[in-house]
Amino acid sequence: MNSRTEPAEAEAEPDAPARPALIREFLLVAGLFLVYKLGRQLATGHTGDAFRNAHHVWHLERAVHLPDEVSVQSALLHGEALVHLANTYYATVHFPATLAFLVWMYLRRPAHYVWARRVLAALTTAALVLPFTFPLAPPRMLTGTGLVDTARMYGPSVYGPPSSDHLSNQFAAMPSLHFGWALMVAIGLMAATRSRWRGLWLAHPVITLLVIVGTANHYWLDAIVATAMLGLALAVIHPPRRTVTTAGRGTNRLTAGPSVLAGAGR
């Protein structure tokens with residue numbers, strides 16, 4: 001190797017870590033979703049505790065002067081088209097948006113993908129604990145609050161009657177992974193991109209928050225707990241560093257610590 005060939009060969013080296021194996025990542029992500037769904041199913045059978053906890057949460061929110069969920073729902077109920085849109089958003093955006101985020105990160109930002117996948121896995125695993133220790137009925141099931149089940153009244157609904165719904169645990173409202181995942185999608189895209197408009201990704205968790213509260217599927221506290229769990233995961237699992245190596249251009253080069261790069265191969 002001579003002095004003329006060394007720079008050319010150095011420039012040919014990849015700027016980003018190797019992309020994780022596709023089949024393995026597919027199995028990991030699919031397994032994560034499956035474990036979460038099965039875990040929530042195993043936490044069924046605590047109906048009495050779920051309603052007692054729901055009343056505690058409702059009164060706690062009023063005691064600390066959190067906004068009333070009824071006010072958000074009242075805004076949705078001003079128009080049938082608006083409430084139907086909110087129900088549709090709740091039913092159809094959650095999983096596809098998170099999956100699209102992971103696919104894009106896998107294809108375009110491999111190091112950030114590994115980080116995001118780890119954070120989502122940690123958040124989802126932690127969320128499995130609460131249905132066992134703190135079962136919680138959603139606000140749409142509480143009487144005397146002024147809230148209604150918008151999905152049942154206006155459609156579309158993803159839930160059947162709790163007694164015959166064998167596909168989901170409706171008494172696992174705490175924490176709200178609808179909000180936790182949406183917030184991580186926004187944070188992940190903001191960390192992995194350089195657009196001056198990337199802050200607009202926060203619209204996804206904001207809309208999600210208004211939807212889950214307005215449709216009476218979650219309390220404010222469900223989102224607050226999900227945010228706290230996500231914050232702990234982000235404090236432990238750090239994103240890869242990003243440096244600009246080309247003057248005058250927004251070229252991204254991802255450099256990561258040994259733990260992140262080692263995780264890309266696992």
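Here is a short walk through a few residues of this predicted model, starting with one threonine and moving on to charged pairs.

Let's begin in helix H6, which covers residues 94-108 and holds Thr-98.

Now for the charged residues. Side chains of opposite charge can pair when their charged atoms come close. Searching the whole structure turns up five salt bridges. One of them joins Arg-117 to Glu-25, with 3.0 Å between the closest N and O atoms. That pair ties together distant parts of the chain: Arg-117 sits in helix H7 (residues 110-127) and Glu-25 in helix H2 (residues 22-42), 92 residues apart. Both ends are tucked away, as Arg-117 is buried at 13% relative accessible area and Glu-25 is buried at 2%.

Over in helix H3 (residues 47-63), Asp-49 and Arg-52 are three residues apart, about one turn of the helix. Their side chains meet in a salt bridge at 2.3 Å, N to O. Here Asp-49 is partly exposed at 34%, and Arg-52 is partly exposed at 48%.

Last stop: Glu-61 and Arg-62, whose side chains form a salt bridge at 3.4 Å, N to O. Glu-61 is buried at 1% relative accessibility, while Arg-62 is partly exposed at 24%.

How values were computed
Residues numbered from 1 in each chain as written. Predicted model: local features only at pLDDT ≥ 70, side-chain atom pairs only at ≥ 80, totals over all residues. Heavy atoms only, no water. Helix = DSSP H or I, 4+ residues; strand = E, 2+ residues; numbered from the N terminus. Salt bridge = Lys/Arg side-chain N within 4 Å of Asp/Glu carboxyl O. Buried < 20%, exposed > 50% of the residue type's maximum accessible area, 1.4 Å probe, protein only.
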